[in-house]
Amino acid sequence: MEIKTKYDIGDEVWIEFANSPTQGIIKRIDISARVEYKNIISIQNISYDIRVGNCIFTFYEHGIFPTKEELLKSL
């Protein structure tokens, strides 16, 4: 089974950080899946480690946006 994510490592994305829109870069993707008999049954969650400045923070897919405009529309 192939698992596709909405974003890839290296993508520049927008997040809400410290109550303001902030741009960051995806550095790592973690995927948790439920597996039975070598088959993936369901994806439990997908989280992204995003670098903001010199720090790394973890966000879930629903809190990440490809543009600043899309982030602002979601608020």
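I started with a pair of charged side chains: aspartate 30 and arginine 28 meet in a salt bridge, 3.0 Å from N to O. For the term, I take a side-chain nitrogen of Lys or Arg within 4 Å of a carboxyl oxygen of Asp or Glu. This is a predicted model, where local features need pLDDT of at least 70, side-chain atom pairs count only at pLDDT 80 or more, and totals for chains, interfaces and linings use all residues. Residues are numbered from 1 along each chain as its sequence is written, and side-chain values use heavy atoms, with hydrogens and water left out.

Next I followed arginine 28. It also forms a salt bridge with aspartate 49, the closest N and O atoms being 3.5 Å apart. That pair links distant parts of the chain, with arginine 28 in strand S2 and aspartate 49 in strand S3, 21 residues apart. Strands here are DSSP runs (E, at least two residues), numbered from the N terminus. The shared partners join Arg28, Asp30 and Asp49 into one network. My search of the whole structure finds two salt bridges.

Then I checked burial (buried is under 20% relative accessible area, exposed over 50%, partly exposed in between; 1.4 Å probe, protein chains only). Aspartate 49 is buried at 12%, while arginine 28 is partly exposed at 45% and aspartate 30 is partly exposed at 27%.

Last, I looked up isoleucine 50 in strand S3, residues 39-52. Isoleucine 50 is buried, because its relative accessible area is 0%. Leaving out residues up to four places away in sequence, isoleucine 50 touches several residues, including Val13, Ile25, Phe57 and Ile64; contact means heavy atoms within 4.5 Å.

How values were computed
Helix = DSSP H or I, 4+ residues; strand = E, 2+ residues; numbered from the N terminus.
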